[in-house]
Amino acid sequence: MALHGTSKAYIIKRLKDQGESELLAAVEAGKITAFSAAISLGWVRKSPGKGGSTHKAKRIQHQLRAITGQGLSAGQKMELIYGPNSSLGSLFKSREELVQAWAACRDELLTADEKAELEREWKAAFQEAQPDDFTLNDGGGEILRGDCARAAHYAHHDIPRELLRRWEKAERRRRARHASWLAARGEQQPVAPSAGPEEAAAIK
């Protein structure tokens, strides 16, 4: 028997063939219908003017968003996890759109182990930028220093703002405690070797 474009068997076969594993799993688990999955991927169009339950439609849309990510297709979600398809390229219109999608869906897409590993990498990159004499080559021959260098370094590593705020607050507390400890010993905060006269004066 031939498989047709809107039959459940055809849609399931196409989901398998195109690697839409998350939607396929949702269909097989009965969370959504095969037809709803096909609509979300643009394979078929819902016939207009049929009416139906508004609440049911909203529930289906909510389920699809939970599976594919807010405003994302299953393919885009897979790209955020595994990178772009080698033959098709990116499914996002621009680098900015990709970054925004990742920021919005990062917590949903990562498992607990992956999130912990990624946060460790971000923390290591953050710590790398904490020395007073931290500098960074901007790629165009200019050497960035201090806060400018740190900001560029954080952006390069895509460190989330909420983590930066938390770690910077902790770093300020650490530096304040260290300065108090030095003051109690009658010592001064050491000046970084590469600091210029103005920077040295600011530190003092």
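In which helix is R172 found? Keep that in mind as you open the model; the answer comes at the last stop.

**Before you start**

You are looking at a predicted model, in which local features need pLDDT of at least 70 and side-chain atom pairs count only at pLDDT 80 or more, while totals for chains, interfaces and linings use all residues. Residues are numbered from 1 along each chain as its sequence is written, and side-chain values use heavy atoms, with hydrogens and water left out.

**The whole protein**

Show the cartoon view. The protein has ten helices and two strands, and along the sequence they follow the pattern α-α-α-α-α-α-α-β-β-α-α-α. Here helices (H or I, at least four residues) and strands (E, at least two) are DSSP runs, numbered from the N terminus. Of the 204 residues, 27% are buried. Buried means under 20% relative accessible area, exposed means over 50%, and partly exposed lies in between (1.4 Å probe, protein chains only).

**Stop 1: helix α1**

Select residues 8-17, which form helix α1. Colour I11, I12 and L15, which are buried. Seen down the axis of α1, these buried residues fall within an arc of 100°, so they line one face of the helix. The arc is that of the directions from the helix axis to the C-beta atoms. Now turn to the other side of α1, where K16 and D17 are exposed.

**Stop 2: helix α7**

Next, select residues 112-128 for helix α7 and show the side chains of E117 and R120. These two side chains meet in a salt bridge, with N to O at 2.7 Å. A salt bridge is a side-chain nitrogen of Lys or Arg within 4 Å of a carboxyl oxygen of Asp or Glu. E117 and R120 are three residues apart, about one turn of the helix. An α-helix has 3.6 residues a turn, so residues three or four places apart point the same way. E117 is partly exposed, at 35% relative accessibility. By the salt-bridge rule, the count comes to seven.

**Stop 3: helix α8**

Select residues 146-156. Which residues of helix α8 are buried? They are G146, A149, R150, H153 and Y154. Seen down the axis of α8, they fall within an arc of 130°, so they line one face of the helix. On the other side of α8, look for D147, C148, A155 and H156, which are exposed. Then click on D158, which follows α8 and has a positive phi, near 55°.

**Stop 4: a network of salt bridges**

Show D132, E171, R174 and R175, which are linked in a network of salt bridges. R175 meets D132 at 3.0 Å, N to O. R175 lies in helix α9 and D132 in the loop between α7 and β1 (135-137), so the pair ties together parts that are 43 residues apart in sequence. R175 is partly exposed at 28%, and D132 is partly exposed at 35%. E171 forms a salt bridge with R174, the closest N and O atoms being 2.7 Å apart. Both E171 and R174 lie in helix α9. Is E171 buried or exposed? E171 counts as buried, at 8% relative accessibility, whereas R174 is partly exposed at 40%.

**Last stop: a charged patch**

Finally, select R172, found in helix α9 (residues 161-184). R172 is exposed, with a relative accessible area of 55%.
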